[in-house]
Amino acid sequence: MSVSQLEDGTIVLEGVCPIEDAEPLLRLLSSGPGAVVDWRECDGAHTAIVQLLMASGARLQGPPRGRFLDRFVGPALRGSQT
Amino acid sequence: MLTPSSTNGRRRARVVDADKPRVLVVDDASLVRLYYRDALEAAGFQVDEAINGLEALEKLLLAPVDLLVVDVNMPRMDGLTFVQTLRRQPMELASIPVLMTSTEAGAQDIAAARAAGANVYLVKPLAQETLADYARALSGASA
Amino acid sequence: MNEFIEQFLIEARELVEQGTDDLLALETRPDDRERLDSAFRAFHTLKGAAGIIDFAAMARALHAAEDVLSAVRNAAEPVTPALIGDGLSALDQVLQWLDAIEATGEPPMDADTAADAIVARFAGMPAAPVEAETVQPATQAWLDALLTAFPDAGDRATVALVYRPAADSFFRQRDPLALVEGVPGLLGLRLTPSEAWPDLDLFDPFTCQLTVTALSTAPRSEVEQALQPVLDQIELVDLSPGLPGGPPVHQALLEAQILMLGVADADGLSGRMASAARVCANLLRNLDRAAEIVPVELALARSLDAGNAAPLTAAIRALIDQPVAPSEASPALPVPTPLETARSLRIDVERIDALVRLTGELTVIKNAIGHLAGQTEDGADAKVLAARLKDQHGLLDRLVGEFHHAVLSIRVLPLRHVFQRFPRLVRELGLSLGKPVELIVEGDETQADKAIVEGLFEPLLHVVRNAVDHGLEDAGTRAASGKPPTGQIRLRAERRGEHVVIEVEDDGGGVDVARVRQVAEARGVATAQTLAALSEAGVIDLIFAPGFSTAAQVTDVSGRGVGMDAVRAAVERMGGRATIVNRPGLGAAVRFTLPFSVMMSRVMTVEAAGQAFGVPLEAVIETVRIPRDSILPVGAAQAFVLRGRTIPLLDLANTLGTRESARHTDDAIVVVAQVAGQRVGLEVDRLGGRMDVMLKPMEGLLAGMRGVAGTTLLGDGRVLIVLDLQELLE
């Protein structure tokens, strides 16, 4: 599984996150407000993962390792928060 | 445009620049005004500045311009109120093209600018070249 | 971009000050809407300024703060102390960044961590709700939003696309973003929710609820190829310059006019229509298609008559749709270039000019010495050579001194740089000690050498801590002495002659001299015998003695193992003095008297005992002639009466101990000066003119002379001694 949670509550995305990660990620994100997601080790993410990050308004710790995520998805997520 | 009072010295000084399109930059931040002035002067505009909507209205009543570059968030009179007020003036003033800029990129911000009567809304920070391109296009100045 | 960085620093400091003021005022009156608006604007403008100099981390941090302030503003809620604290911390961080930019001329590279911390602080607070994309009246609202989000990409993009994936896309094994990732020449991407997001509890992670819009530089056919499997869910719009609207900027602008006219609001409609038509006419002129202006103006006339935008909208739509090839003369819009970031700070041209001039003079001397060296080889007369070398040495000496000062003058800063940090610190001190405190800052525009401004923070911090902790009484005691419950700390700077005086004054109980005696004896700072012999001022001065304040005595606020001895040492290292002014029952002030090391002074020249002196002009009130018989002996000293006021008279040459001046016969020529609040008359032999002088640090014989601020060389080669009146009369 490429979704995990650290002791301090930070949710970590690693490698390529497939659609199967969507449910566990949703559970972690719903456990409390103000979630922090560290996606610095993330190489890629399914649209289902990206839309969860967007819908939850989680704070992202980046930049992500994957180029597409870093160059395009990250800015799009930030742009959606204004 | 020559004004009737162009016989006095101060007005005559302005005639020298009469060919240049005139733009009024309305922004409370001096850094932004400096940055826009720099870009617009390089693009061949004659630039004047106002620090809020009220001052801009006062300046426009004295001398209309070819283009307004207007910030949204300003003290005393914000940009939206200013443009709304402008659009209710006689045609010479009401028709002045307005380029509105703000750091906000949300759909509701764009919609608010539109509703007020901004001809175009651009998100800051804006590259100087981009501002110059839009300013030329909006004012009809030759590139 | 130098001037932008320079302007940024000036403006950002003002904004931080404004924001700090507003937040502190909100603490007293949480419902003050004007202050809240002003604070919001300060954060907002700071964010914009950060954007202009490409300082993304700062913009991000301020954006987080601004969001929360905006939410409070919209909700008409009072401001919480926590928000004020976080806002002040954010501004403090900004100040540290400003200092870094000032030092290096560019935004710090490592600001992200600090920015993250600020974002995190504000993340816990309710921010403005994220609004779902509202449905806009025109069909191409998405295109408009996309071009607006990427204003710089508009010129290069050839294709814009909107992809609305079917809700069951995931079940069909589709990953929409992966498909978009495969689009060649991608320039920018926007993600919007198809409908407003549901609560996370109700969120179905397997339903695709995103709409993707993107810009690409690739040909349409290649984009279609990449999206082949989902073409039915995609809308493509060509933006290539060959198309009807002309270059993308123009097409985007025409679209924007239609959108503006689509707003259903009668208020200002005719103005909006007139401006839309004017913009269209300008665009056509710009595209060298002026012939098409007429239909637009006719449409405007119809629209104005009908009070309805439809005819004008149709005319603009026709401009976009009409397949008219742009004329050959159509000016191509230049491709925007990325902003340049600054590499250095700008320095006053005058100051650079001074350095250039001095460099020129140094070159002249270098050449002269080279010439002399040549003459030595040729066996010239040693005495003549020695005399010339000495001349050149004298010149060089003067120039080196001037160079020194020219360089120093580049380093002058207002004390605001250090004072700025105190409002927040004092607030926090007050909160942690449970004492309401107000900080009043005076004279923060006073300038001092950079080294002094930078070295002041630590000692000042310690003194301010002490003032809040020990200086101010608790609420009960204050009430008993009839003082307002809120204690006052004044942080004040002032230029006094050749010095910069900085004071931290509290309105507390003043120094308890008896207690200082006790403590000094108990800690072995002084023996009972010494203490008995000391004046009150001498006792108070013991506060600065090593070993007087210790960690055992001080609270956790003041106690960092640093005593007032360290404060005095720090001030003395900068060439200054630290003293305490005590007003029992009314408060105490700690005073730092520091040198203003860039010694460019305006002086009035006078002569006494054949020597030229400069009296700092700011101290001179007037010059008068006093008949000898009006001078009154007062004990061993002298005085005279000027407009009903008795003023002590000193003979300048005597006071300096230069030598006994000759007995004067006629009227005394007197310079009346104001020194440390007192008027004093200085008798001189002759009055000279006024001049700006650059002082040289004192050397040789003069170095030990009291009351001398420095020297400078006069045009006729004489040395002008510039006086420090305060020291002279002490």
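Reader: How do you know that chain B and chain C are in contact, and how many residues take part?

Author: In this predicted model, 53 residues of chain B are in contact with 55 residues of chain C, where contact means that heavy atoms lie within 4.5 Å. The area buried between chain B and chain C comes to about 4600 Å², and carbon and sulfur atoms give 60% of that area. On the side of chain B, Leu31(B), Asn73(B) and Arg114(B) lose the most area to chain C, together 15% of what that side buries.

Reader: Why is an area used to describe an interface?

Author: The size of an interface is often given as the accessible area lost when the parts come together.

Reader: Which elements of chain B supply the side that touches chain C?

Author: At least two residues each come from α2 (30-42), α5 (91-94), α6 (107-116), β5 (120-123) and α7 (128-139) of chain B, and the largest share, 9 residues, comes from α7(B). Chain B as a whole has 7 helices and 5 strands, which run from the N terminus in the order α-β-α-β-α-β-α-α-β-α-β-α. Of the 143 residues in chain B, buried residues make up 59%.

Reader: Why is Glu66(C) called buried?

Author: Glu66(C), found in helix α3 (residues 56-75) of chain C, has a relative accessible area of 4%; buried means under 20%, so Glu66(C) belongs in that class. Leaving out residues up to four places away in sequence, Glu66(C) touches Glu104(B), Phe40(C), Phe43(C), His44(C) and Lys47(C), a list that includes a residue of chain B.

Reader: What makes the meeting of Glu66(C) and Lys47(C) a polar contact?

Author: The two side chains come to 2.9 Å, and a polar contact needs a pair of N or O atoms within 3.5 Å, one able to donate a hydrogen and the other to accept it, so the distance between Glu66(C) and Lys47(C) meets the cut-off.

Reader: Is Leu594(C) buried or exposed, and how do you know?

Author: Leu594(C), in strand β11 (residues 587-595) of chain C, has a relative accessible area of 0%, and since buried means under 20%, Leu594(C) is therefore buried. Leu594(C) and His499(C) are 95 residues apart in sequence, yet 5.4 Å apart in space, C-alpha to C-alpha. Beyond its neighbours within four places in sequence, Leu594(C) is in contact with several residues, among them Ile452(C), Leu456(C), His499(C) and Met574(C).

Reader: Why is Val641(C) called partly exposed?

Author: Val641(C) has a relative accessible area of 46%; the class lies between the limit for buried, under 20%, and the limit for exposed, over 50%, so Val641(C) counts as partly exposed. Val641(C) lies in strand β16 (residues 637-642) of chain C.

Reader: What makes Val641(C) part of a patch on the surface?

Author: Residues of a patch need over 30% relative accessible area, and Val641(C), at 46%, therefore passes that cut-off. Together with Leu632(C) and Val634(C), Val641(C) forms a nonpolar patch with about 230 Å² of accessible area.

Note on methods: Residues are numbered from 1 along each chain as its sequence is written. Chains are lettered from A and ligands numbered from 1 in the order in which they are written. This is a predicted model: local features need pLDDT of at least 70, side-chain atom pairs count only at pLDDT 80 or more; totals for chains, interfaces and linings use all residues. Side-chain values use heavy atoms; hydrogens and water are left out. Patches are made of residues with over 30% relative accessible area and no salt bridge: like charges are joined within 9 Å, nonpolar side chains (Val, Leu, Ile, Met, Phe, Trp, Tyr) within 5 Å. Accessible areas come from the Shrake-Rupley method with a 1.4 Å probe; for residues, only the protein chains shown count as cover. A salt bridge is a side-chain nitrogen of Lys or Arg within 4 Å of a carboxyl oxygen of Asp or Glu. Helices (H or I, at least four residues) and strands (E, at least two) are DSSP runs, numbered from the N terminus. Buried means under 20% relative accessible area, exposed over 50%, partly exposed in between (1.4 Å probe, protein chains only). Buried area is the accessible area (1.4 Å probe) that two parts lose on being put together, summed over both.
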